[in-house]
Amino acid sequence: DQAKLRAMLDLSEEDLANTSRSRPIFLLSYFRYYCPDFAIRVTPIRKLVSNDVLPWTDVHTKCFRELV
């Protein structure tokens with residue numbers, strides 16, 4: 001659905017940084033069947049889930065946007 005995709009793309013970096021650490025992975029998991037090398041490409045975000053100390057950065061935002 002285009003509206004749902006647009007809503008994901010419109011999330012600001014601040015919104016993504018302030019959400020639960022696992023939520024971006026949950027949102028992106030739908031695309032795993034359609035995205036070659038999904039597991040490799042989502043690695044920067046996956047590392048955030050395992051380490052609560054790491055801050056959300058533009059690298060993570062870029063990764064999220066490329067996968068959507």
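This is a predicted model: local features need pLDDT of at least 70, side-chain atom pairs count only at pLDDT 80 or more; totals for chains, interfaces and linings use all residues.

Helices (H or I, at least four residues) and strands (E, at least two) are DSSP runs, numbered from the N terminus. By that definition, the protein has six helices and zero strands. The radius of gyration, taken over C-alpha atoms, is 11 Å, close to the 11 Å that the globule rule gives for 68 residues, so the protein is as compact as a globular protein of that length. The globule rule is 2.2 Å times the number of residues to the power 0.38.

Residues are numbered from 1 along each chain as its sequence is written, and side-chain values use heavy atoms, with hydrogens and water left out.

Let us turn to burial. Buried means under 20% relative accessible area, exposed over 50%, and partly exposed in between (1.4 Å probe, protein chains only). Of the 68 residues, 25% count as buried.

Is histidine 60 buried or exposed? Histidine 60 lies in helix α6, residues 58-67, and counts as buried because its relative accessibility is 8%. Leaving aside residues up to four places away in sequence, histidine 60 touches Pro44, Ile45, Leu48 and Pro55, where contact means heavy atoms within 4.5 Å.

Tyrosine 33 sits in the loop between α3 (23-28) and α4 (38-41), and is exposed, with a relative accessible area of 64%.
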